[in-house]
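Dear colleague,

I am handing over the structure below, and I would be grateful if you could look through it alongside the notes that follow.

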Amino acid sequence: DSDPTMRWCPNPMGCGCAFKKQHLDSALMICPDCEYAFCADCSEEYHENKTCEEARKWRALHGQTDIRLQLWEMLNTKECPKCHVLCKTFNS
């Protein structure tokens, strides 16, 4: 998890393969086992020509994201500045 060039395949069908990023100048990653294409920055399905935030909004607008989950994430998580993974915030 500490190597920024390594990723676990986030295929929703459950691949679980870990592999090294091949092209450091691109966010595109393609799993060598299942060929799932995803974004190295947000681990969502690859979104060419869109930022991660634009892609997240597009999925929400087009019904590809559960709006309740998105609202919970907005209220209860924040993005790690190093690896960009959403982390639960602990409110006191």
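Ala40 is in contact with Arg7, Lys21, Ala27 and Met29, once its neighbours within four places in sequence are left aside, contact meaning heavy atoms within 4.5 Å. Before going further, please note that this is a predicted model, in which local features need pLDDT of at least 70 and side-chain atom pairs count only at pLDDT 80 or more, while totals for chains, interfaces and linings use all residues. Residues are numbered from 1 along each chain as its sequence is written, and side-chain values use heavy atoms, with hydrogens and water left out.

Ala40 also belongs to the largest nonpolar core, which has 8 residues, the others being Cys9, Cys17, Phe19, Met29, Cys31, Tyr36 and Phe38. Such a core is a set of buried Ala, Val, Leu, Ile, Met, Phe, Trp, Tyr and Cys residues joined through side-chain atoms within 4.5 Å, where buried means under 20% relative accessible area, exposed over 50% and partly exposed in between, with a 1.4 Å probe and protein chains only. In soluble globular proteins, nonpolar side chains tend to be buried together.

**The aromatic rings**

A search of the whole structure finds 2 aromatic pairs; rings of Phe, Tyr and Trp (its six-membered ring) pair if their centres lie within 6.5 Å, and planes under 30 degrees apart count as stacked, over 60 as edge-to-face and the rest as tilted. The rings of Phe19 and Phe38 have centres 6.0 Å apart and planes at 80°, so this pair is edge-to-face. It links distant parts of the chain, since Phe19 lies in strand S2 (residues 18-20) and Phe38 in strand S4 (residues 37-39), 19 residues apart; strands (E, at least two residues) are DSSP runs numbered from the N terminus. Tyr36 and Phe38 form a stacked pair, at 6.2 Å centre to centre with 20° between the planes, and ring pairs thus link Phe19, Tyr36 and Phe38 into a cluster. Phe38 counts as buried at 0% relative accessibility, and Tyr36 likewise counts as buried at 16%.

**Asn11 and Met6**

Asn11 lies in the loop between strand S1 (6-8) and S2 and, at 15% relative accessibility, counts as buried; leaving aside neighbours within four places in sequence, Asn11 is in contact with Cys34 and Tyr36. Met6, in strand S1, counts as partly exposed at 34% relative accessibility, and touches Ala18, Phe19 and Lys20, not counting residues up to four places away in sequence.

With best wishes

Conventions:
Helix = DSSP H or I, 4+ residues; strand = E, 2+ residues; numbered from the N terminus.
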